[in-house]
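Me: Could you take me through this model feature by feature, giving the general idea before the particular case?

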Amino acid sequence: MPDDPDVQKRVLRAELRERRQNMPAHEREHATEGFTARLEELIGSTGAESISCYLSMPTEPNTRPFVNWAEARGIRVLFPITREDGLLDWTVGEEELETLGLHGVPEAAGELLGPMAINDVDLIIVPAAAVDVTGMRLGWGRGYFDKTLGSMGKCPPVYAVVYDSEFVERVPREVHDQPVNGVVTPTRILAF
């Protein structure tokens, strides 16, 4: 493995992306049931009434059944919207439509609430390529969530959602990387 963390990250991301793309459909469906159940448990244990959660890409842990469950229970869900300046904006997606954002990522359609809206939520659910045993998160390399989390005054608990095999011993880290408070896999919830 090369010494440069940036190169290490790129190598690891490519491996993880390929593994996700090759996951059999039945395994993905089974994982989705697990993710949904664990995320529901997380809401139960934190008592969160307002959360932020991303809309997943086809190969990512599927967040939609959980989001539907949360909205049906009157939990306010903020969805991230990518901006050109590298910051995230937020919407509650009241139009119940999805569009493709800047990087081909699914985004909810609705009124933009501004980057500061995230400061009002009780729980933040973020995507990740991998998370290690210290809570360090390996993202997909665009830095949106690191920037957002790094700029928050009082940050609520942040949980990353990964498949079981993506919870690893160690991920490469750089100064700007932000750790998470916990991880959700199809089989467990871990707080660091």
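Me: Which residues are buried in α1?

Reply: Two cautions come before the answer: this is a predicted model, in which local features need pLDDT of at least 70 and side-chain atom pairs count only at pLDDT 80 or more, while totals for chains, interfaces and linings use all residues. Residues are numbered from 1 along each chain as its sequence is written, and side-chain values use heavy atoms, with hydrogens and water left out. Buried means under 20% relative accessible area, exposed over 50%, and partly exposed in between (1.4 Å probe, protein chains only); helices (H or I, at least four residues) and strands (E, at least two) are DSSP runs, numbered from the N terminus. In α1, the buried residues are Q8, K9, L12, R13, L16 and R20. They lie on the same side of α1, because they cover an arc of only 130 degrees around the axis, the arc being that of the directions from the helix axis to the C-beta atoms.

Me: What covers the buried residues of α1?

Reply: Contact means heavy atoms within 4.5 Å. By that criterion, the cover over the buried residues of α1 includes α2, β7 (130-132), β8 (137-138) and β9.

Me: Which way do the residues of β6 point?

Reply: In a regular strand the side chains alternate between the two faces of the sheet. Here L123, I125 and P127 point one way from β6, whereas I124 and V126 point the other way, and all are buried. Because 5 of the 5 residues of β6 are buried, the strand is largely enclosed by the rest of the structure.

Me: In what sense does β6 pair with β9?

Reply: Two strands pair if DSSP finds at least two bridges between them. β6 and β9 pair in the parallel sense over 4 bridges, with I125 opposite Y159 in β9. β1 also runs parallel to β6, joined to it by 3 bridges, and S52 stands opposite I124.

Me: Which residues have the most contacts inside the largest nonpolar core?

Reply: A nonpolar core is a set of buried Ala, Val, Leu, Ile, Met, Phe, Trp, Tyr and Cys residues joined through side-chain atoms within 4.5 Å. The largest one has 25 residues, and those with the most contacts inside it are L39, I43, I51, F66, L123 and I125. The elements giving two or more residues to this core are α2 (25-46), β1 (50-53), α3 (64-72), β2 (76-82), β6 (123-127) and β9 (158-161), with the largest share, 5 residues, coming from α2. A second, separate core of 20 residues includes L78, I118, A128 and V131.
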